[in-house]
Structure formats: C-alpha cells, structure tokens
Amino acid sequence: MKQKIKDLQQKFYFHFKISATQLDLINSHRDYCKFIVLGQARSGSNFLMSLLDSHSQVITYGELFLNPDFIGWHKPEYDQYLQTKSLISLMRKDPKKFLEKKVFRRYPSQVAAVGFKIFYDQAREDSRKAVWDFLQSQKDIKVIHLKRKNMLRTFLSLKKALITKEWVILAPRGTNYKPQDARISLTYEECLQYFNRMQDNMSEHDIFFAQHQKIDVFYEELFEECEQEIKRVQEFLELDYEPLKPYTFKQSSLPLSESISNYFELKEEFENTPWGIFFED
C-alpha cells in the first residue's frame, strides 16, 4: 500500500511539473534551441545524446518515432507516465501536433536546448511520415548530422548487436571483460548493399535539410577528440560551455580482422573499390 501511494505521488508530481510550465505557473519559455540528431543506428548516437543530456541546460529525448506502438522517450519518468493510448495515437496520427505540444513545448527558463534522435529509416511507412515534412519546414530546428566514416564498422556493429542483443553499454568495460563470441561472417553482397544505401541516405538527407543550420559530427572524431567536438556541438546549439560526461560507452575496439571471420577474403574483394578504405587493419 505504501509503495502504491508513493507511486501515485511520483506520478502526480511528474504531471504537475509539466502542467506548471505549460500554464506558466513557473517561469517558462519556448525561446530555446530546437534540434535533432540525424543518422543511422550504430553511429554513436547514444554516446552523443548521453553527453548532451549531461549538460544542465539541455533536454534530450530518444528515438521518438522508433515504433508506432510506443513513444521512444528514453527517459524513465516519461516512459512510465507518458505512454497512454491517446498520446501514442497522437504521435502516430499527428506527429506535428505531438512535437509541438509534447516535445517542443514550454520548459523552465534555464532550458536552452531541446532535441531528439531520428534515423533515416524511421517513420517512413505510415501516417508518422508527416514528421519529415514538418522537420523540413521548420527552419529553426537545427540538425546535427551524425555520420561514421568507416561504414564497415557500422555494419559490423549492427550485426553484432542483433546477435548479442547489446545495444547500449552503460558502464566502461573492465580490463577482465571478455566479449561474447560474436565473430561473424559477412558477404560481399550484403556489405556492398549496406555501403551504397548509407551513402545514398547521407547525401539525400544533406540535401533534404540543406536550408537548415546543420553540422556534421563524425563518430570517429567524437571518440578521438571528444572535448573538442562536443565543444563545437555546444557552440552550434548556443549553449554555455560545460565539460560533459557520457553515461554510455563504446562496445568494442577489436580489430576488424578479429571480428570478421572472412575479413581477408572481403578485403580482397573490395580492394579496388571506393569501399576498400574501410579495411583498415
């Protein structure tokens, strides 16, 4: 009984906080920087969003349009209290109104930026696809286009995640950590298809958001020169600079030759193609 009362109190307080800002009962505003993180799965989006989420002036959400049957808030309280049938229906049938009323709403005055993630292939096959026209039409929404130079590593990471079911690492790997046996074989055809599709996606979305304020952030540089890159992102979002710390971590740093069972055969097949540079071992 005590736990039930506590849960009800938490739920009430959560909704009260949101209602208070919406009704301007506390000092709130809409004059903040709106942004999206655009990209492809396994390109460091969780790492980037966790860095931004550690900034005192930033509100970040996850893959809001990942699935038509739930809202990808990626925030415990929101996932618990804002998954009602009516709200999911609003997200599905009127994504523009959903974003205006529930995401890019009024926030406390200290909030300087609000954003969410969206991947190239999301919200494409049902009424949610209207979100893309809305995002393109709203020129005040800034775009962080997250890319990965080595698409072979992106594809490998995606295949491994599907096998191991490990999509997010919330603690650094210890020195005694032994990765799951996920050494896999990749075919030339599936790699080529993936490389071409990703190249097309990056080019098409650069054109799609050509009229927006946009920056490219590369996975490799974000990890290797994190402080410099995240400072550049903060400047782009017009934030007061803060040193940021992530709460997600890199999954694997094994050489490609130790992760792909037919690595050398693939390397030979791609040797005289534009994709040969991906075989960096």
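The model is predicted, with local features requiring pLDDT of at least 70 and side-chain atom pairs pLDDT 80 or more, whereas totals for chains, interfaces and linings use all residues. Residues are numbered from 1 along each chain as its sequence is written, and side-chain values use heavy atoms, without hydrogens and water.

I begin with the helix pair. Helix H2 (residues 45-53) packs against helix H10 (residues 226-236) at an angle of about 65°, and their axes lie 11 Å apart. Axes here are lines fitted to C-alpha atoms over the stretch in contact, with angles from 0 to 180 degrees between N-to-C directions. The two helices, H2 and H10, are therefore roughly perpendicular, a term covering 65 to 115 degrees. On the H2 side, Phe47, Leu48, Leu51 and Leu52 make the contact, and H10 supplies Cys226, Ile230 and Val233; contact means heavy atoms within 4.5 Å. By class, these contact residues of H2 and H10 comprise 7 nonpolar, no polar and no charged.

I turn now to the cavities. The whole structure holds 2 cavities of 30 Å³ or more, a cavity being a set of points on a 1 Å grid where a 1.4 Å probe fits but cannot get out. The largest cavity contains about 80 Å³ of space. Its lining, meaning residues with an atom within 4 Å of a point, includes Gln40, Tyr120, Arg148 and Met202. Strand E6 (141-147), helix H7 (151-164) and helix H8 (188-208) each give two or more residues to the lining, and H8 has the largest share, 3 residues. The lining of the largest cavity divides into 6 nonpolar, 3 polar and 2 charged residues.

Key:
Helices (H or I, at least four residues) and strands (E, at least two) are DSSP runs, numbered from the N terminus. Angles under 35 degrees count as roughly parallel, over 145 as roughly antiparallel, 65 to 115 as roughly perpendicular and the rest as oblique. Ala, Val, Leu, Ile, Met, Phe, Trp, Tyr, Cys and Pro count as nonpolar, Asp, Glu, Lys and Arg as charged, and the others, Gly among them, as polar. On a 1 Å grid over the protein atoms alone, a cavity is a set of points where a 1.4 Å probe fits but cannot get out, and a pocket is an open set with protein on both sides within 12 Å along at least five of seven lines; lining residues have an atom within 4 Å of a point. Grid points are joined across faces, edges and corners, and a volume is the space filled by probe spheres set on the points.
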